[in-house]
Amino acid sequence: MKIQRVFDAHFHIIDPDFPLQENNGYLPDPFGVTQYQERIADLGVSGGAVVSGSFQGFDQGYLIAALEALGPHYVGVTQIPADTEDEKILELHRHGVRAVRFNVRRGGSASLEDLDRLARRVYDLVGWHTELYIDARELPEIMPVVSALPAVSVDHLGLHEEGLLSLLALVERGMKVKATGFGRIELDPTKAIKEIVKANPHALMVGTDLPSTRARRPFQDTDFALICDALDEEQVEDVFWNNAADWYLR
């Protein structure tokens, strides 16, 4: 199957000109916009989402600079304190930020109560959705909160086989899932992809997860080929472009 165009729904830009902070003793190597563009040059990427990592804390300077350099069809996914003022959220929206991320796996930036309140506030104010970096085995504990949120996505196929049924239950209710980070997951990606698309053909999005910080192995071009092979031909355009473009660029 030939991929005509790709929306890279999950990657990081690591610019040492802006603040970085160790997370569990980890500090990543630089990975700038130029490095990213060179790496994806042959992949058909025409847009994407720059995702704030745990090592970037609440800094917004790097994200604004990256979006300015990347240009149209690129958006930001940020982390913000629960008490962020409306004007700051509106400013970030003007710069192209379209989602707020909660890193549940590596030590969340908000309590469950704050997650619920902030997710609803940014959705009502500017239409941002919520992104969760979470081991899907933890979903049952927060299912009442997550299932009631207006718009949610989960990173890296939910990470673990034992959480797949919980993930699929939320997919059936409209949650999106990123087929990313295959060097991080503890499940069969082909099986997960097929079941997610079966549950909701508009749910699945793809991404490179570049530069694959802390992953057992980095993104490989063959990861996209694996996703293609798990899909029917008529599903490829939706999974590689339409689903994410509708989610981020609407």
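How much accessible surface does the protein chain have, and what share of that surface belongs to carbon and sulfur atoms? The accessible surface comes to about 10700 Å², and 46% of it belongs to carbon and sulfur atoms. The structure described here is a predicted model. Its protein chain contains nine helices and eight strands.

**Overall form**

- For a chain of 250 residues, a compact globule would have a radius of gyration near 18 Å; the value for this protein chain is 17 Å, which agrees.
- Taken along the principal axes, the box filled by the C-alpha atoms is roughly 45 × 40 × 35 Å.
- Of the 250 residues in the protein chain, 54% count as buried.
- Among contacts with a separation of 6 or more, 75% are accounted for by residues 24 or more positions apart.

**Aromatic pairs**

- The structure holds eight aromatic pairs.
- One of these is formed by Phe 7 and Trp 241, an edge-to-face pair with 5.7 Å centre to centre and 70 degrees between the planes.
- This pair links distant parts of the chain, with Phe 7 in strand S1 (residues 6–11) and Trp 241 in helix H9, 234 residues apart.
- Both Phe 7 and Trp 241 are buried.
- The ring centres of Phe 11 and Tyr 74 lie 6.1 Å apart and their planes stand at 85 degrees, so this pair is also edge-to-face.
- Phe 11 belongs to strand S1 and Tyr 74 to strand S3 (residues 74–78); the two residues are 63 residues apart, and their pair likewise links distant parts of the chain.
- Phe 11 is buried, as is Tyr 74.
- Phe 11 and Tyr 74 also belong to one aromatic cluster, together with Phe 31 and Tyr 36.

- Asn 243 is located in helix H9, which spans residues 236–248.
- With a relative accessible area of 4%, Asn 243 falls under the 20% limit and is therefore buried.
- A polar atom of the Asn 243 side chain lies 2.9 Å from the backbone oxygen of Leu 204.
- Leaving aside residues up to four places away in sequence, Asn 243 touches Pro 201, His 202, Ala 203, Leu 204, Met 205 and Asp 238.

Note on methods. Residues numbered from 1 in each chain as written. Predicted model: local features only at pLDDT ≥ 70, side-chain atom pairs only at ≥ 80, totals over all residues. Heavy atoms only, no water. Helix = DSSP H or I, 4+ residues; strand = E, 2+ residues; numbered from the N terminus. Buried < 20%, exposed > 50% of the residue type's maximum accessible area, 1.4 Å probe, protein only. Polar contact = N/O pair within 3.5 Å; in protein donor to acceptor, adjacent residues only side chain to side chain. Contact = heavy atoms within 4.5 Å. Phe/Tyr/Trp six-rings, centres within 6.5 Å; stacked < 30°, edge-to-face > 60°. Rg over C-alpha atoms; globule rule 2.2 N^0.38 Å. Areas by Shrake-Rupley, 256 points an atom, 1.4 Å probe, with all protein chains shown as cover.
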